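Hello,

Here is the structure I promised to hand over. Please open it first, then read my notes below.

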Amino acid sequence: MRLATQSSIRLIFAAGSTVFVVACGERGQSTAKSDTAASAAFSVSPQPLGPIPADDSLARPKSLRQVGLPIALTTSVTPKDNPQTPEKIALGEKLFFEGRLSADGTVACASCHQPKLAFTDGRTVSVGIRSRVGQRNSPTVLNALYNTMQFWDGRAVTLEQQAGLPIVNPVEMGQPNLDSAIARIAAIPEYRATFIRVFARPPSATDMLRAIASYERSQLSFDSPFDHFMAGDSSAISASARRGWVLFNTRGRCNLCHALTDTASRPTTFTDDTFHNIGIGILRHSVVPLARQAEQSIAKGDTIAIDQAAILTPMSALGRFLVTRGDSDIASFKTPDIRNVMVTAPYFHDGSAATLWDVIDHYNKGDGLQDPWLDVDIQPLALQEKDIDDLVGLMASLTSPSYRQLGEKELARQRQLSRTSRPQRDSARAFGPKPVQPKPPSS
Ligand code: HEC
Ligand code: HEC
């Protein structure tokens with residue numbers, strides 16, 4: 001696996017007038033040494049990371065018996081070489097809450113994927129070790145087993161590959177390499193014994209990632225009012241949410257991306273498993289110079305380097321381009337599943353939308369006027385206020401029972417906020433013609 005060998009990369013980026021040089025990698029060892037010198041280059045959050053959350057009832061493996069849960073799909077996404085067993089899942093759960101996987105013992109997976117916030121962190125962008133700030137919003141781990149690719153840009157394919165990257169990312173868990181993380185675990189007799197019981201061999205990085213991935217595959221989240229509605233109980237969701245479901249598949253055009261096919265009427269994961277530029281954040285970045293910088297500073301296919309660019313640098317805004325180098329992928333991001341989205345604010349890859357009203361306002365105006373790579377399916381929608389409320393109502397019906405109370409509180413909070421603050425609203429554009437899209441610059 002690629003992750004076992006560290007590549008070396010020097011990322012040079014400008015912040016304001018200062019040019020920072022971040023040296024990372026070189027078989028891991030130089031990372032630790034250069035860490036203090038480089039630390040000046042990381043922005044630090046004024047709101048430090050709290051203690052690692054408790055491994056409570058919300059974190060337990062979920063039942064397969066949930067209304068709406070796709071049994072055949074669930075079986076088919078479990079890799080043959082990493083079958084689910086209760087012991088392995090339990091080990092993975094322990095590791096998910098394990099601070100020792102981070103360089104200074106303070107950060108676990110659960111720090112940024114908190115069970116009480118539906119496995120997100122409630123921040124615009126995540127904060128990791130030594131309060132260092134990343135560039136991206138933390139997605140939920142619930143139902144991540146169904147993702148055909150992991151991360152906003154799909155730079156990892158499997159959950160096993162994914163889990164190795166935050167451990168060695170300098171702003172997330174900050175380990176110089178996976179060996180040093182597993183050494184901490186292997187030194188604890190109880191862990192040693194558990195690994196031997198589960199895998200019939202002493203702890204290794206590969207088995208550690210397998211256990212974590214198995215735990216993540218136990219985080220299934222269905223049984224929402226919407227699932228009961230789809231199963232035939234027409235009163236399971238409100239009239240507003242029912243109107244929202246119609247809009248979702250018609251004038252709202254949401255189904256063009258948040259469904260497996262444009263005509264599928266029964267979404268299970270609300271994603272087309274692909275990437276689109278929907279105009280998020282692109283105007284704040286000069287993507288063309290960033291793209292040329294990425295081509296020069298990152299070796300194609302170097303996953304560790306791509307991970308660092310995505311989490312540490314302004315090149316993050318390039319999205320899928322970092323992985324494929326295709327200009328048409330500039331600022332493209334993965335269509336996320338929108339189950340439980342009511343309780344995972346803020347939204348989008350950069351956390352730039354505070355409420356679901358802001359999300360719909362964004363789509364309604366067909367944002368991205370100056371964006372030559374904007375997806376063809378984005379256009380002004382001419383949605384009225386009531387339509388917007390109905391779409392939010394639909395999304396609120398996608399909350400699973402464990403988060404019902406939080407969902408109700410969040411809906412009330414966001415509704416209140418939306419009455420006074422609608423930074424994305426632009427009715428003139430929402431009801432205007434589709435703007436002429438500029439052609440991509442020739443390079
Ligand atoms: C410092 C915060 C932080 C820590 C610690 C962290 N993550 Fe994440 N996680 C994120 C962010 C931010 C992203 C999105 C990054 C991106 O897409 O570029 C992410 C993405 C993911 C995804 C992809 C989900 C999707 O829908 O694509 C999974 C799965 C995941 N993390 C699991 C883990 C596991 C397992 C660990 C521990 C080994 C972990 N994370 C540690 C912040 C964190
Ligand atoms: C052209 C494809 C496309 C269409 C059409 C589309 N989406 Fe999205 N959606 C995406 C992509 C891609 C993202 C992630 C973009 C990013 O973060 O840069 C996203 C993000 C979101 C998010 C944020 C989720 C999160 O966890 O942060 C919500 C909510 C959402 N979409 C709802 C909708 C609704 C409702 C509609 C219809 C009004 C819609 N989408 C139409 C592709 C689309």
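Ala200 sits in the loop between α7 and α8. Helices (H or I, at least four residues) and strands (E, at least two) are DSSP runs, numbered from the N terminus. Ala200 is not a glycine, yet its phi is positive, at about 60°.

Before you go on, note that this is a predicted model: local features need pLDDT of at least 70, side-chain atom pairs count only at pLDDT 80 or more, and totals for chains, interfaces and linings use all residues. Residues are numbered from 1 along each chain as its sequence is written, while chains are lettered from A and ligands numbered from 1 in the order in which they are written.

Asn143 also has a positive phi, about 65°, and is not a glycine. Is Asn143 buried or exposed? Asn143 is buried, because 25 other C-beta atoms lie within 10 Å. Its place is the loop between α4 and α5.

Now the whole chain. The protein chain has 17 helices and four strands. It has 443 residues, and 49% of them are buried. Take the contacts between residues at least 6 apart in sequence: 71% of these join residues at least 24 apart. Two residues are in contact if their C-beta atoms, placed from the backbone, lie within 7 Å.

Next, ligand 1. Its shell holds 27 residues, and the closest are Cys109, Cys112, Gly128, Phe151 and Pro166. A residue counts as near a molecule or strand if its C-beta atom, placed from the backbone, lies within 6 Å of it. Which element gives the most to the shell around ligand 1? That is α5, with five residues. By class, the shell around ligand 1 has 15 nonpolar, nine polar and three charged residues. Ala, Val, Leu, Ile, Met, Phe, Trp, Tyr, Cys and Pro count as nonpolar; Asp, Glu, Lys and Arg as charged; the others, Gly among them, as polar.

Ligand 2 has 26 residues around it. Cys254, Cys257, Ile280, Phe348 and His349 come nearest. Helix α14 (residues 356–364) gives the most to the shell around ligand 2, with four residues. That shell divides into 17 nonpolar, six polar and three charged residues.

Look at the loop between β4 (333–334) and α14, where you will find Pro346. A cis peptide bond joins Ala345 to Pro346, with omega about -10°.

Back to α5 and α8. Their axes come within 8 Å and cross at roughly 115°. Axes are lines fitted to C-alpha atoms, for helices over the stretch in contact, and angles run from 0 to 180 degrees between N-to-C directions. The two helices, α5 and α8, are therefore roughly perpendicular to each other. Angles of 65 to 115 degrees count as roughly perpendicular, under 35 as roughly parallel, over 145 as roughly antiparallel, and the rest as oblique. In this contact, Leu159, Glu160, Ala163 and Gly164 of α5 meet Leu209, Arg210, Ile212, Ala213 and Glu216 of α8. These residues of α5 and α8 divide into five nonpolar, one polar and three charged.

A second pair is α10 (residues 239–249) and α15 (residues 385–396), with axes that come within 7 Å and cross at roughly 100°. That makes α10 roughly perpendicular to α15. Among the residues in this contact are Trp245 and Phe248 of α10, and Leu391 and Leu394 of α15. By class, the α10 contact with α15 has seven nonpolar, three polar and four charged residues.

Helix α3 (residues 86–96) has Lys88, Leu91, Gly92, Glu93, Leu95 and Phe96 buried. The buried residues of α3 pack against α4, α7 (189–199) and α8.

Last, Ser218, in the loop between α8 and α9 (225–230). Ser218 is buried, because 20 other C-beta atoms lie within 10 Å. Leaving out residues up to four places away in sequence, Ser218 touches Pro61, Lys62 and Ile89. Ser218 and Ala90 are 128 residues apart along the chain, but their C-alpha atoms are separated by 10.0 Å.

Best wishes

Terms used:
Buried ≥ 20, exposed ≤ 12 C-beta atoms within 10 Å, placed from the backbone.
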